[in-house]
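We will go from one sulfur link to the next.

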Amino acid sequence: KKNGPFYLYNPLPDNERIICDTKIPPKKVVSFVKLCSEPGLGRLFPVIPDSTGIGMPPIVTRFVNGKNADPKPFKDCDIPCNEAGSFSIVTTRFIDGTPWKITMSMEGPAYYSNLQIDPNGWKNDKYWSTTSFDSEVPLPYYSKAEYEIRDREPVSFDSGIHGGLFMANNCGSKSNREQVVKDLQKLAEGSTKFRVDSVSSCLKNADIPPGSTRSNKVSIMKHYLFYFAFENQIVPDYITEKLWGPFEAGTVPVYFGAPNVKEHVPKNSIIHTADFKDTEELFHYLEKVASDKNLYESYHEWRRVAQPEFEEKLNLTYTHGTCRTCRWAYARTLGLGWNHPQQRVKDLNIPRKTCIDPWTGLLKHPVVETWKSASSLASLSSKRQSSSWQTTDLCLKGTLTQDQTMLGKVKDHPEISRVVRQVDGVIDFEIDALSKDFGEVLQLSLETKLESSRAEYRQVETGHGRLQDSKSRITILVSPTNVTITSHANMLLVEIAKELLPLRIRLISEDIDTFHRDGDIEESFFGKLMKTDFQYPVEAFFEA
């Protein structure tokens, strides 16, 4: 029937579908007078998602106070990104179209227990964006836009105060830093080589040097050879402005706080209190450095030497946290690759493209497709319906593209029609018999790009299996579900009998989630979405 009206129903509970450039809302019916020539029955995305974000709708991120507000474009981002609401000390961020809750703060878990990352939280749609590099979107205090630390002149050994400066108003810290400062001040009372000055309300024993202002801490630090960068809590990755300010001032930080601080700073740039057995040993070493110009200046060598590991570690700070949140959500919702250390969307290990042999029409990428008789294992003859003079593999172009091949035991006597379609970043097959006399069981072999020695197959449920290695996963879905799926090395094997036709197959290629606990076992957000889309296709109705 070529003329309408047609009625198309979208049974998906949460996602709209696009058919002939018309959007069908979730669980709604839309009428068409005439359908376009677009293959298949609907897609979820306007284009096939890739790492550029071109042509895709924006990711919408909302703070608690912006749940009902109109989102506004976040312009400084390479991925389409909108935001609503504003940041507060400890808040929650949401991503439209997902059940995710992202706990966000630059404070630490010693004062706010809900900032402690639960390694299993992601399984319940709970994520974090904190100073911890174990959070999905880290928020370090250091920012290359805010702190210029490499090209700063060191405090002069000859004219600087031979001592250390401490500044804090909170004298009841969780880390008990005050006791360390008290012990250092006591030791300094009997020393002529080193002094310990506190110029703030906590343990105050000195005034700020002439020429500096209390509102500008860096101006005070510039007078001292050392600064006591003591955090109020001892938590991995919790490294605040107490460390980055002294670097900018040109003084040497004496650091007390995150036990893994050396993972985050240039080599030989700090004196870490954890390297000493007690406060007395630390104090005597500070006396030594304050008395030795060469030793003191060795702590500033990093300013003149390339620091590739440091640059690599904090390169992510070139990009605002909102943009990185949109990047992360974009990659995760659309099944793309994610570089966590650099906080960037990346192409998949098995590239998202659909390539076929120009003559046979059989797939060459992301799997190599072969058809055989299940009994004799003799290969079937195949012929692509669209001729091509191309001698190399042909990769399908366009947002929604399909190609048809005819298969049979005897050349030019087709018995099976096989349509392959690329849509929404996955590959769909539609297989049906052309001949009523066809009765042979066929074997469809799909050789993947997975590493043969490490590929393992797991049947998740009837009609749903996964073949994966340490880097990539190929998910296979079939309908009807009572199709036999097995594997051999890096190949998926599907047995197809006439009574199971017509048959639909979907292939989903993804990277393994190596960041989260059990990420190699659990189903991804994109995988769940593509499975639901496959299991609940558009339903079509006609007027009698």
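A word on burial before we start: buried means under 20% relative accessible area, exposed over 50%, and partly exposed in between (1.4 Å probe, protein chains only). This is a predicted model, in which local features need pLDDT of at least 70, side-chain atom pairs count only at pLDDT 80 or more, and totals for chains, interfaces and linings use all residues. Residues are numbered from 1 along each chain as its sequence is written, and side-chain values use heavy atoms, with hydrogens and water left out.

Searching the whole structure gives four disulfides (pairs of cysteine sulfur atoms within 2.5 Å).

**Stop 1.** Select Cys 171 and Cys 202, whose sulfurs are 2.0 Å apart in a disulfide. The link is right-handed, with 70 degrees about the S-S bond. Cys 171 counts as partly exposed because its relative accessibility is 40%, whereas Cys 202, at 1%, counts as buried.

**Stop 2.** Now pick Cys 77 and Cys 323, joined with an S to S distance of 2.1 Å. Cys 77 sits in the loop between β6 (72–73) and β7 (81–84), and Cys 323 in helix α7 (residues 321–333), 246 residues apart; helices (H or I, at least four residues) and strands (E, at least two) are DSSP runs, numbered from the N terminus. Cys 77 is buried at 17% relative accessibility, and Cys 323 is buried at 1%.

**Stop 3.** Finally, select Cys 81 and Cys 326, a disulfide with S to S 2.0 Å. Cys 81 lies in strand β7 and Cys 326 in helix α7, so this pair ties together parts 245 residues apart in sequence. Are these two cysteines buried or exposed? Both Cys 81 and Cys 326 are buried.
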